[in-house]
Amino acid sequence: MRKTGIFAGISLAVIGGTVTFFSGMPASKAADIDAKKLFMTHCKTCHGEDGHPTDLGLGLGAREFANAEWQAKTTDEQIIKQINNGTPEKMMPFKEKLTQDEIKALVSVIRSFGKK
Ligand code: HEC
């Protein structure tokens with residue numbers, strides 16, 4: 001019985017340590033992801049804060065994300081693929097910079113630009 005007590009104590013300490021460790025890390029769990037902030041950090045330079053392309057974005061060929069026709073014909077998979085892989089010489093790939101959860105969260109930011 002004594003042994004189990006010690007063991008349980010250790011497991012609790014490990015769980016506690018893990019929680020503290022993760023809470024100090026940048027958004028790694030889906031619920032913690034601030035997608036809007038990610039967009040402002042990584043995408044705003046070209047796509048603008050409201051999905052309306054900046055001069056830089058326009059020059060490279062970025063589109064208006066609020067465009068209803070584009071929203072309707074584009075699938076979430078296409079958006080995810082674009083963020084992952086980018087387009088050579090136009091948009092850099094983000095698959096090394098962002099997690100798949102973060103990329104999925106960005107899809108909803110892009111969708112939000114289509115709703116007015
Ligand atoms: C350096 C400027 C730049 C940055 C930064 C950038 N993009 Fe792009 N993005 C572009 C350009 C230019 C295109 C058009 C590419 C093409 O025509 O293939 C594009 C296309 C896209 C598309 C596809 C639109 C379509 O035509 O179907 C999506 C979705 C997208 N970007 C999302 C993002 C997200 C999300 C981020 C941030 C994680 C981001 N972009 C960062 C320049 C940028």
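**Close-up views of the ligand site**

**View 1. Polar contacts between the ligand and side chains.** An oxygen atom of the ligand lies 2.5 Å from an N or O atom in the side chain of R63, a polar contact being a pair of N or O atoms within 3.5 Å. An oxygen atom of the ligand is also found 2.9 Å from an N or O atom in the side chain of W70. The model is predicted, so that local features need pLDDT of at least 70 and side-chain atom pairs count only at pLDDT 80 or more, while totals for chains, interfaces and linings use all residues. Residues are numbered from 1 along each chain as its sequence is written, and side-chain values use heavy atoms, with hydrogens and water left out.

View 2. H47, through NE2, and M91, through SD, coordinate the iron atom of the ligand at 1.9 to 2.1 Å, where donors are N, O and S atoms within 2.8 Å of the metal (3.2 Å for Na, K and Ca). Because H47 belongs to helix α3 and M91 to the loop between α6 and α7, the pair ties together parts that are 44 residues apart in sequence; helices are DSSP runs (H or I) of at least four residues, numbered from the N terminus.

**View 3. The shell around the ligand.** The ligand is surrounded by 20 residues, the closest being C43, C46, H47, R63 and M91, and a residue is counted if one of its heavy atoms lies within 4 Å. Helix α6 (76-85) is among the elements that each supply at least two residues of this shell, and α6 gives the most, with three residues.

Terms used
A polar contact is a pair of N or O atoms within 3.5 Å; within protein, one must be able to donate a hydrogen and the other to accept it, and residues adjacent in sequence count only if both atoms are side-chain atoms.
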